[in-house]
Amino acid sequence: MQHVNILVSAQAADSLQSGLAALPDSQRYRLTVFEHADEQALVQVDAALVSRDITGASTKHVLDDFTARYYDALRSASGLKWVHIHSAGLDRPIFGELQARGVEVTPSSGVNAQSVAHTAVAGVLALNRHFPQIMRQQAQRRWRTLASSASLPSDLAGQTAVIVGWGSIGRLIGEFLMALGMQIIVVRHNPEPVPQALATVAYGDLATVLAQAQWLVLACPLTDVTKRLIDQNMLAALPPGASVVNVSRGEVVAEQALIAALQSNHLAGAFLDVFEHEPLPADSPLWDMENVIASPHSAGHAAGNYQRVLNMFLDKLKKRYSS
């Protein structure tokens, strides 16, 4: 029997034991625990799991030491054929490197869809109900009701959200927003009509629907088509007072153009979970804007994600290596 050597973290190894034991031919699978593996063991790895504890607080721009060493181990594993990762996006440079040498890299698409969708809708509600201003007033111990503010929150029912991206996350966002009485317009790679939407257009036709949007919600993958899709012209096409919610990738938006649109009050506000460079630099004006919620790429985090990723990994492992 040919064994399958799988590189994992110590945490993942502990969590995978019972699941591996339940697989047919379970004895063929051998876990190589990264924290205890020597150079010879790493070279013999056939497959690998990049779990959340491996990436930790690292971003695709800045790696901590543990993440960097794990990535180096993937690079040096000459027999590596398959890597499964905990996230839905494959835009970290390491994954492109692996794919270029013929390694299959599979994402955990859909695992965190509900968490991200909940966060996006929370962003809509928080901006609409003036939570950024309320939280700042709380920090100042200052009592000022919404009734005395310059503008009362608008009724969400009847407002229109343009949702860019119609994968598992975009669909859930649309479902939740419609439950609030909002209307949606869908922008997607394939403009096949979405029955419940006012309109469905391709990415290239985004500008044609922006004038109808009180909300622009970004939930698309980062591709050559979507990179910097939301530029100065797209932001200008939004009506004054519109707001932006971004739970996709920071590079989908031209960040300086977004900052300018917020500073000029063309946009009423923004909920941003992702940024062009992460961590967001300390000198970014986005930190101090009263109409902005800056979230540290946390929309998809939830306690149940780790096990859901392991379950998906085990399912793919079974299908890939079953006799």
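This is a predicted model: local features need pLDDT of at least 70, side-chain atom pairs count only at pLDDT 80 or more; totals for chains, interfaces and linings use all residues.

A: Residues are numbered from 1 along each chain as its sequence is written, and side-chain values use heavy atoms, with hydrogens and water left out.

Q: Is Ala57 buried or exposed?

A: Buried means under 20% relative accessible area, exposed over 50%, and partly exposed in between (1.4 Å probe, protein chains only). Ala57 has a relative accessible area of 74%, so this residue is exposed.

Q: Where is Ala57 found?

A: Helices (H or I, at least four residues) and strands (E, at least two) are DSSP runs, numbered from the N terminus. Ala57 sits in the loop between α3 (52-55) and α4 (65-76). From Ala57 to Ser26 there are 31 residues in sequence and 33 Å in space, C-alpha to C-alpha.

Q: How many aromatic pairs does a search of the whole structure find?

A: Rings of Phe, Tyr and Trp (its six-membered ring) pair if their centres lie within 6.5 Å; planes under 30 degrees apart count as stacked, over 60 as edge-to-face and the rest as tilted. The search finds five such pairs. In one of them, Tyr71 and Phe95, the ring centres are 6.3 Å apart and the planes lie at 65°, so the pair is edge-to-face. Tyr71 belongs to helix α4 and Phe95 to helix α5 (residues 93-100), so the pair ties together parts 24 residues apart in sequence. Tyr71 is buried, at 2% relative accessibility, and Phe95 is buried at 3%.

Q: How are the rings of Trp82 and Phe313 arranged, and which parts of the chain do they link?

A: Trp82 and Phe313 form a stacked pair, 5.3 Å centre to centre with 15° between the planes. Trp82 is in strand β4 (residues 82-85) and Phe313 in helix α11 (residues 305-321), 231 residues apart. Trp82 is buried at 1% relative accessibility, and Phe313 is buried at 0% relative accessible area.

Q: Which residues of α5 are buried, and why do they line one face of the helix?

A: The arc to look at is that of the directions from the helix axis to the C-beta atoms. In α5 the buried residues are Ile94, Phe95 and Leu98. Seen down the axis, they fall within an arc of 95°, so they line one face of α5.

Q: What follows α5?

A: Gly102 follows α5, and its phi is positive, near 95°.
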